[in-house]
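Thanks for coming. I will show one structure and then walk through a few parts of it.

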Amino acid sequence: MKNTLKGLDPNKSANGLGPRFLKECADVLAPSLTKLFKFIVKKAEFPSSWKLGRITAVHKRDEVSVAKNYRPVQCLDNIELAFEDVLMPQLEKWLAKFIPEWQYGFLKKIGTLDYGATLSLTIQDCLERRKEGVLVLSDIKGAFDRCWWLRLKKRLKAKGMRKRALRLMKSYLFKRFLRVVASSKSSSIKEIFSSVPQGGKFSPPLWDFDISEMADLLCDMVQFFGYADDVALWYEVDTSNRQEMTKIINDDMSALKVWGDDNRTTFELDIVWFSLKRRSLLMFQA
């Protein structure tokens, strides 16, 4: 606990007790917070005061009066983040066996360079063997916000999460609220029913777990490469199977649409054809 508090970044935004205060008073606060955290785990009930996120709108581009030109950044209670940080090793260890090898996002010792290098080498190897390939780049629209709690909790239970761990996670994903703060003014509080909380320690591994089933929906001829909400699908093609692969890829795109409809999200797709030969492309459904 003491190491967690002393590891806080004092320059980060404060929601509740400021990170500088928690960091500098770690020696005094650690024993009391340890008792509090043990009590929360024992009761398996996430404090309601921790489930109110503060949203700050950060301008991205263009006209400042247009809402879509802002990025909502959520700031969680700093005590909540410390609590999540303490439990993270146990959650990561349990979830690790369900995170597929194709996922490169939010994992230790793996990052965007590994994702890009592996995908590039796969394409290069295909071309060196005089084969052709189709790369489908898929971006999950809304990403973390589209993680529906009811589905996520059912999956956690189905995979074997039990007793207090499951009750605590159900409480964590229940009755969460947001409010927007700007220029010292606050909006009304709005209840939400989806999303792994932005900035939360639990959120990245829960997201990886939530989308891990996507590969199971598609054919076994596709190679998956994922980084967070960006998923690349690679299909190797040759002269003998062009028509077959056209159908397979179209069927996979349909399966992705069904999955998206079930999870109230959509995919932004880009399709790229790789070939050293000059010939007409395969035909795909939009």
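Where is the place of Val-222? Val-222 sits in strand β7. Before going on, please keep in mind that this is a predicted model.

Let me stay with Val-222 for a moment. With a relative accessibility of 12%, Val-222 counts as buried, because buried means under 20%. Leaving aside neighbours within four places in sequence, Val-222 is in contact with Leu-233, Trp-234, Tyr-235 and Asp-252.

The largest nonpolar core has 59 residues, and the members that touch the most others are Leu-156, Met-169, Met-214, Leu-233 and Tyr-235. Helix α4 supplies the largest share of this core, with eight residues. What does Leu-233 touch, not counting residues up to four places away in sequence? The list is Val-134, Leu-135, Val-136, Leu-218, Val-222, Gln-223, Phe-224, Met-253 and Leu-256.

Next, the helices, and α6 in particular. In general, two packed helices are described by the angle between their axes and the distance between the axes. Helix α6 covers residues 149-158 and helix α7 covers residues 163-172; their axes come within 10 Å and cross at roughly 170 degrees. An angle over 145 degrees counts as roughly antiparallel, and α6 and α7 are therefore roughly antiparallel to each other. On the α6 side the residues that meet α7 are Lys-153, Leu-156 and Lys-157, and on the α7 side they are Leu-166, Met-169 and Lys-170. Sorted by class, this contact of α6 with α7 has three nonpolar, no polar and three charged residues. Following α6 there is Gly-160, with a positive phi near 115 degrees.

How do α6 and α8 cross, and within what distance do their axes come? The axes of α6 and α8 come within 11 Å and cross at roughly 80 degrees. That makes α6 roughly perpendicular to α8. Arg-151, Leu-152, Arg-155 and Leu-156 of α6 make this contact with Leu-206, Phe-209 and Asp-210 of α8. By class, the contact of α6 with α8 has four nonpolar, no polar and three charged residues.

Now burial in these two helices. In α6, the buried residues are Trp-149, Arg-151, Leu-152, Lys-153, Arg-155 and Leu-156. Their cover includes α4 (78-96), α7, β4 (176-182), β6 (190-192), α8 (203-210) and α9 (242-262). How many residues of α8 are buried? Eight of the eight residues in α8 are buried, and the helix is mostly covered. They are Ser-203, Pro-204, Pro-205, Leu-206, Trp-207, Asp-208, Phe-209 and Asp-210. These buried residues of α8 pack against α4, β3 (132-140), α6, α7 and α9.

The last topic is charge. Side chains of opposite charge can pair when their charged atoms come close. The structure holds 15 salt bridges, and I will show three of them.

One is formed by Glu-213 and Arg-151, whose side chains meet at 2.1 Å, N to O. This pair links distant parts of the chain, with Glu-213 in the loop between α8 and β7 (222-227) and Arg-151 in helix α6, 62 residues apart. Glu-213 is partly exposed, with a relative accessible area of 22%, whereas Arg-151 is buried, at 17%. Arg-151 and Glu-213 also belong to a network of salt bridges that links them with Arg-155 and Asp-210.

Another salt bridge joins the side chains of Lys-6 and Asp-27, at 3.3 Å, N to O. Lys-6 lies in helix α1 (residues 2-6) and Asp-27 in helix α3 (residues 26-43), so this pair ties together parts that are 21 residues apart in sequence. Lys-6 is partly exposed, with a relative accessible area of 38%, and Asp-27 is partly exposed, with 46%.

The remaining example is Arg-129 with Asp-125, whose side chains meet in a salt bridge at 3.1 Å, N to O. Arg-129 counts as partly exposed at 39% relative accessibility, and Asp-125 counts as partly exposed at 37%.

That is what I wanted to show.

How values were computed
Residues numbered from 1 in each chain as written. Predicted model: local features only at pLDDT ≥ 70, side-chain atom pairs only at ≥ 80, totals over all residues. Heavy atoms only, no water. Axes fitted to C-alpha atoms, helices over the stretch in contact; angles between N-to-C directions. Helix = DSSP H or I, 4+ residues; strand = E, 2+ residues; numbered from the N terminus. Parallel < 35°, antiparallel > 145°, perpendicular 65-115°, else oblique. Contact = heavy atoms within 4.5 Å. Nonpolar A, V, L, I, M, F, W, Y, C, P; charged D, E, K, R; others polar. Buried < 20%, exposed > 50% of the residue type's maximum accessible area, 1.4 Å probe, protein only. Core = buried A, V, L, I, M, F, W, Y, C linked by side-chain atoms within 4.5 Å. Salt bridge = Lys/Arg side-chain N within 4 Å of Asp/Glu carboxyl O.
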